[in-house]
Amino acid sequence: MSNYGRFLSVEGGEGVGKSTQIVALADAIRKAGFDVVITREPGGTPGAEAIRQLLLGGSAERWLPRAEALLFAAARSDHVERLIKPALESGKWVISDRFLDSSRAYQGGGSGISDTDILALHKIGSMGLLPDRTLVLRLDTHEAIERAAVRDAGQADRIQGRSTGFHSDVDSAFVSFAEVEARVRLVDASGTLQAVTSRLLSEIADLLVAS
Ligand code: Z5A
């Protein structure tokens, strides 16, 4: 039995149900006997939450893609050093609502920064830390946007407000990561909350057994 915790990230487009499912996933992992910390990106620590305000507020043109990628990497660095690594080192499981692959999909696939550059920023800022498993929730783009719009009463943030084409590029980027990286799993986010939770749990069953 390792003393090091497990690190899960949950990814996908807006409105696919990440935040909802993370709560259910954490409950199931706690029932299996583990301490779980839920966190999110951008954010998770006071410094990173301050950067979140800069990133998600203001006009769509507030940041150009390179500055935006640097700000996400800076927020992630603080999050990794002050919250994620200490929690893992004390044996806790960490579930992050978005992580590195969001930068690769949004600032890379959606905004044109190369994957090599985003990974280089991640190496500098966060020592290249990768999740043990990344669960990408996938839902028809229009259905997901509709779910988020109902929840937010039409108040999109800087990034949510981008075009449907941008969000399709983001989804394609997530699919391409799963094609080459075994840690990345695509999970169908349609159907009932319980059906989605059970699909997610089946993708981490090996980690629960081995911990
Ligand atoms: N971003 C980036 O560009 N680069 C990065 O490196 C990082 C992030 C880390 C953060 O937005 C933005 O930052 C994000 C990417 C970018 N922008 N976009 N797009 P955020 O944190 O504010 O939000 P989000 O991450 O995009 O997720 P979200 O919009 O909050 O959605 P969600 O968490 O996936 O969904 P939810 O809130 O759990 O569910 C949405 C609604 O659907 C809600 O009312 C639920 O009750 C409902 N729901 C959930 N599941 C179901 C099912 N199964 N059936 C029916 N209804 C459901």
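Trainee: How many of the residues of β4 are buried?

Mentor: This is a predicted model, and burial here means a relative accessible area under 20%. Judged in that way, β4 is a mostly covered strand, and of its 6 residues the number that are buried is 5.

Trainee: In what order do the strands of the sheet stand?

Mentor: The sheet is open and its pairing is parallel. On one side β4 is joined to β1 by 5 bridges, and β4 is also joined to β5 by 5 bridges. The edge strands, each of which pairs on one side only, are β2 (36–40) and β5 (184–188). With 5 strands in the sheet, the order is β2-β3-β1-β4-β5.

Trainee: What angle does the direction of helix α1 make with that of β3?

Mentor: Within the sheet, neighbouring strands are turned against each other by 20° on average, direction ignored. Helix α1 (residues 18–31) packs on this sheet and touches β1, β2, β3 (93–97) and β4. The angle between the direction of α1 and that of β3 is about 170°.

Trainee: With which residues is Trp93 in contact, leaving aside its neighbours within four places in sequence?

Mentor: Trp93 is among the residues that touch the most other members of the largest core, and its contacts include Leu8, Ile29 and Ile204, which are listed with it there.

Trainee: What is the volume of the largest cavity?

Mentor: Cavities of 30 Å³ or more number 2 in this model. The largest is lined by Gly12, Gly13, Glu14, Val16, Leu137, Leu139, Thr141, Ala144, Ile145, His167, Asp171 and Phe174, and at least two residues of that lining come from each of α6 (141–152) and α7 (164–180). The volume of the largest cavity is about 120 Å³.

Trainee: Which residues lie nearest the centre of the largest pocket?

Mentor: About 710 Å³ of space lies in the largest pocket, and its lining is made by 34 residues. Two or more of the lining residues come from each of α1, α2 (46–56), α3 (65–89), α4 (100–110), α6 and α8. Nearest the centre of the pocket lie Glu14, Gly15, Lys18, Asp97 and Arg98.

Trainee: Is Arg98 buried or exposed?

Mentor: Arg98 is placed in the loop between β3 and α4, and its phi is near 80°, a positive value in a residue other than glycine. Because its relative accessibility is 14% and the cut-off is under 20%, Arg98 counts as buried.

Trainee: Where does Met127 lie, and what is its phi?

Mentor: Most residues other than glycine have a negative phi. Met127 counts as partly exposed, at 47% relative accessibility, and lies in the loop between α5 (115–126) and β4. The phi of Met127 is positive, near 55°.

Trainee: Which peptide bond is cis?

Mentor: Most peptide bonds are trans. The place to look is the loop between β2 and α2, where Pro42 is found. With omega near -10°, the cis bond is the one from Glu41 to Pro42.

Methods:
Residues are numbered from 1 along each chain as its sequence is written. This is a predicted model: local features need pLDDT of at least 70, side-chain atom pairs count only at pLDDT 80 or more; totals for chains, interfaces and linings use all residues. Side-chain values use heavy atoms; hydrogens and water are left out. Two strands pair if DSSP finds at least two bridges between them. Helices (H or I, at least four residues) and strands (E, at least two) are DSSP runs, numbered from the N terminus. Axes are lines fitted to C-alpha atoms, for helices over the stretch in contact, and angles run from 0 to 180 degrees between N-to-C directions. Contact means heavy atoms within 4.5 Å. A nonpolar core is a set of buried Ala, Val, Leu, Ile, Met, Phe, Trp, Tyr and Cys residues joined through side-chain atoms within 4.5 Å. Buried means under 20% relative accessible area, exposed over 50%, partly exposed in between (1.4 Å probe, protein chains only). On a 1 Å grid over the protein atoms alone, a cavity is a set of points where a 1.4 Å probe fits but cannot get out, and a pocket is an open set with protein on both sides within 12 Å along at least five of seven lines; lining residues have an atom within 4 Å of a point. Grid points are joined across faces, edges and corners, and a volume is the space filled by probe spheres set on the points.
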